[in-house]
Amino acid sequence: MTANPVSVNSNACLISPEIGKSALAKPSKRIAPAHPPLKLGVLASGSGSNFEVIAQAIQNQQLNAKIPVLIYNNPEAKAAARAEKYGIPSILLNHRDCKSREELDTKIVKTFQEYDVEWVVMAGWMRIVTEVLFDAFPDRVINIHPSLLPSFPGIRAVEQALAAKVKITGCTVHIARLEVDSGPILMQAAVPVLPDDTAETLHARIQVQEHKIMLGAIALIAESNQKDCD
């Protein structure tokens with residue numbers, strides 16, 4: 001007798017830690033916040049898909065948070081148009097106009113402080129961050145990366161996973177540190193690598209999980225922040 005082949009769900013994943021119901025509301029449930037919303041300053045360099053997921057969740061009252069401002073460094077970034085869609089101010093700080101990474105980060109810090117930002121979210125921010133930002137927001141800068149850190153840090157993480165022929169990869173939200181793609185892990189999602197995967201197909205499935213764990217991590221931060229205020 002021939003065994004039936006194992007079917008692989010290309011959307012299967014494992015998210016850890018599990019997102020509690022009290023942290024992230026379902027779309028059908030509206031939150032009546034007992035605390036002021038968490039103020040998020042978002043950094044984006046490209047399409048801004050993770051940024052829009054956050055903005056939409058806030059608009060739908062799934063997250064007790066707000067985005068006072070979006071900063072983008074690429075004049076062609078689509079993130080700015082997404083910000084306009086949600087009525088969120090967006091500011092271009094082109095890194096090409098700065099003489100150093102520190103100069104760019106100084107401008108970022110000044111802008112975020114003007115908007116009274118509490119936490120910084122790097123949502124596809126393709127610039128190396130310096131001590132200037134970390135000193136201004138100690139342990140309050142989060143980053144998302146398309147691998148199960150500490151595996152495959154740096155650029156082309158999806159291609160790295162394919163080259164290593166791993167069977168499982170994924171994505172990570174973590175507290176950022178000076179060393180690229182390092183720091184305490186907040187949430188991860190595992191994604192299976194299929195035999196016929198390309199960088200494009202695998203990245204597309206990872207991005208679906210990125211959106212989930214980005215919201216989950218922010219929800220956990222907001223929940224923790226509320227407990228600290230009680």
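**Reading the backbone and the burial**

In the protein, residues 24 or more positions apart account for 67% of the contacts with a separation of 6 or more, where contact means heavy atoms within 4.5 Å. This is a predicted model, in which local features need pLDDT of at least 70, side-chain atom pairs count only at pLDDT 80 or more, and totals for chains, interfaces and linings use all residues. Residues are numbered from 1 along each chain as its sequence is written, and side-chain values use heavy atoms, with hydrogens and water left out.

User: Why is Asp181 called buried?

Analyst: Buried means under 20% relative accessible area, exposed means over 50%, and partly exposed is in between (1.4 Å probe, protein chains only). Asp181 has 16% relative accessibility, so Asp181 counts as buried.

User: And what makes Asp139 buried, exposed or partly exposed?

Analyst: Asp139 has 48% relative accessibility, so Asp139 counts as partly exposed.

User: What is there to notice in the phi of Asp139 and of Asp181?

Analyst: Phi of Asp139 is near 60°, and that of Asp181 is about 55°. Most residues other than glycine have a negative phi. Both values are positive, though neither residue is a glycine.

User: Where does Asp181 lie?

Analyst: Asp181 is in the loop between β7 (168–175) and β8 (185–192). Strands are DSSP runs of E with at least two residues, helices are runs of H or I with at least four, and both are numbered from the N terminus.
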